[in-house]
Structures are given as structure tokens and as C-alpha cells.
Amino acid sequence: MTAIPPYTGNNPNGLARTLAPFRYNPFVPLKRKDKESVLRKYKEAVDKYLPLIEKRTGIDMGKVRVEWIGKIIRQELKIILEESSRKAETMPQKFFWNFLSPIIYKIPSELLRCYMEEEAFAKYSTRTDSLGVSFGIDNKMQLLREKCGYYSQSIDETVMHELTHRLWDRIPGRTPLRDVPELFVEGFALYGEHDWFSDFLPLGRNLSGIKYYPKASIQGRKIIERLIQTHGKGILLEIPR
């Protein structure tokens, strides 16, 4: 089999980042088998990188399910509603949450997926221990680039980023992700993707894509780097605590 050359554009996401997902996604049709191959690629990447991160850090990463993002959102909503019902202090509040639950459960997964379509590639869910995969414009463009003979490690980088979120979530004594400023959460994940675990990636470290991340992620990564310069790499597992 002929080796697929790497995608060498300045933006590793190429055209995908210049197109509005809601506007252009329907015009990039792919066959059902292509859609299934996206989920398979994410599952393979999780199976590949999870034990490597576990071995390097000594942290038990547990199991991470890989599902379509619409299914993950439905599960998250169910958990949130159940928590809200349990915490309700008055009967009217409890009635409201119990009344809302069956309505939420009947929302089609496809509609929930569309709501999250701007999640470029995938999103880690702390409530369900899952990686929710979007079949939005970015993952479609990833497939089309490969069909045109170019290889991009976007899925690998995305999985590495999301598994670094998972790592934070598994460190004993950590502060819950949802209670931490985005600056540190995303900076930690970006450092994991582009520095800490980048040698696991097929093409190695690819810093050209960092400038396309949100400013908070880039600033957070710089803070992580300064902490390492001061305290050494041993500080990495202490940051989430």
C-alpha cells in the first residue's frame, strides 16, 4: 500500500476551520461506511494512546467509551436532571425537574448532535467517562483529505488532547474539571497534546496548529511551561490538585 503523504498546510485543520459548520456541513456528503470509519478511527486512537499515557504518568486512566456526541449529550442531560431533582428543596422544584425529564429524553439524538456540531472533532465528558465524537465539518474534511491522498494526524492530536483532560480527571485529590478556570484546564490539555505526550504521535510534535487554539488555551500552556521551568516536570501531576 502506498504511504499517504502528510498534510503540510499551515493550518492543520485546513479548509475545515474556514467553513462555518452549520452552513457547510450538509454540503460535504459522505457514505455511511465513511461515518462509521470516523468512529472506528477515534476508538483505535483511544485504545492506542490510553495505555501509553497510563505508563508514562503512573495514573490509572480507567476505561473511556467512544460514542457519537448526540448520545453522550443525552446521557449527560439525564445525569444533570437526576442530580437537579435530588437537590430540589421544594415540591414545586422537584415536580418541575421530574416533568422536564421525559421531555428531554425524547429529543432526537440527531438534534442534540446538531446542537454540538461546532465541537470541531470530539469532546471529553467527565460525567459519562466518554469521548463524544462529532460528525461535523472538521471530521468530514479530515476524511476527504485522506481520500485525496493526504494524511493528517488531527484525530490523533484531538484524542491526545481529550485524554489529557481524562488524565486530570483521574489524578487522586484533583479539583473537578468543571470547578477549574478554562485557562488551566485547556492549557493543561494543550500541553499534554503538544508537549508532554507529543512523541507518541505519528508525525511527532506539530506546533503550527497551536496558534489556532483559543487564546485562553495558549496562555494556559505558557503558564504550565513556566511552572515546569521553576519546579521541574514533577509539577505536572500536582497542577490538578
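Leu237 lies in the segment after α9. Helices and strands here are DSSP runs, numbered from the N terminus, with helices (H or I) of at least four residues and strands (E) of at least two. Leaving aside neighbours within four places in sequence, Leu237 is in contact with Thr57, Ile59, Ile171 and Trp196, where contact means heavy atoms within 4.5 Å. The C-alpha atoms of Leu237 and Arg174 are separated by 9.2 Å, although the two residues are 63 residues apart along the chain.

This is a predicted model, in which local features need pLDDT of at least 70 and side-chain atom pairs count only at pLDDT 80 or more, while totals for chains, interfaces and linings use all residues. Residues are numbered from 1 along each chain as its sequence is written, and side-chain values use heavy atoms, with hydrogens and water left out.

## The chain as a whole

The protein chain has nine helices and three strands. Along the sequence they follow the pattern α-α-β-α-α-α-β-β-α-α-α-α. Of the 241 residues in the protein chain, 46% are buried; buried means under 20% relative accessible area, exposed means over 50%, and partly exposed lies in between (1.4 Å probe, protein chains only). Among contacts in the protein chain with a separation of 6 or more, 74% are between residues 24 or more positions apart.

The table lists pairs that are separated along the chain, with their C-alpha distances.

| Pair | Separation along the chain | C-alpha distance |
|---|---|---|
| Val64 and Ser130 | 66 residues | 5.2 Å |
| Ile69 and Ala122 | 53 residues | 7.6 Å |
| Leu52 and Phe197 | 145 residues | 8.7 Å |

## The nonpolar core

The largest nonpolar core has 40 residues. Such a core is a set of buried Ala, Val, Leu, Ile, Met, Phe, Trp, Tyr and Cys residues joined through side-chain atoms within 4.5 Å. The elements that give two or more residues to this core are α2 (32-57), β2 (122-125), β3 (130-133), α7, α8 and α9 (215-231). Helix α2 supplies the largest share, eight residues. The residues with the most contacts inside the core are Tyr42, Tyr49, Ile53, Leu131, Val159 and Leu167. In soluble globular proteins, nonpolar side chains tend to be buried together.

What does Val159 touch, not counting residues up to four places away in sequence? Val159 touches Tyr42, Ala45, Val46, Tyr49 and Leu131.

## Helix α8 and its two partners

Helix α7 (residues 154-170) and helix α8 (residues 182-196) pack at an angle of about 130°, with their axes 8 Å apart. Axes are lines fitted to C-alpha atoms, for helices over the stretch in contact, and angles run from 0 to 180 degrees between N-to-C directions. The two helices are therefore oblique to each other; angles under 35 degrees count as roughly parallel, over 145 as roughly antiparallel, 65 to 115 as roughly perpendicular and the rest as oblique. By class, the contact of α7 with α8 has nine nonpolar, four polar and three charged residues. Ala, Val, Leu, Ile, Met, Phe, Trp, Tyr, Cys and Pro count as nonpolar, Asp, Glu, Lys and Arg as charged, and the others, Gly among them, as polar. On the α7 side the residues include Met160, Leu167 and Trp168, and on the α8 side they include Val185, Ala189 and Trp196.

The axes of α8 and α9 come within 7 Å and cross at roughly 75°. That makes α8 roughly perpendicular to α9. The contact of α8 with α9 has 10 nonpolar, four polar and five charged residues. Among them are Leu183, Gly187 and Tyr191 in α8, and Ile218, Arg221 and Ile224 in α9.

## Residues in loops and helices

Val64 is found in the loop between α2 and β1 (65-68). Val64 is buried, with a relative accessible area of 13%. Its contacts, apart from neighbours within four places in sequence, are Val46, Leu50, Asp129, Ser130, Leu131, Leu163 and Arg166.

One of these, Asp129, sits in the loop between β2 and β3. Asp129 is partly exposed, with a relative accessible area of 32%. Its phi is near 55°, a positive value in a residue other than glycine.

Is Ile69 buried or exposed? Ile69, in helix α3 (residues 69-87), is buried, at a relative accessible area of 3%. Leu52, in helix α2, counts as partly exposed at 31% relative accessibility.
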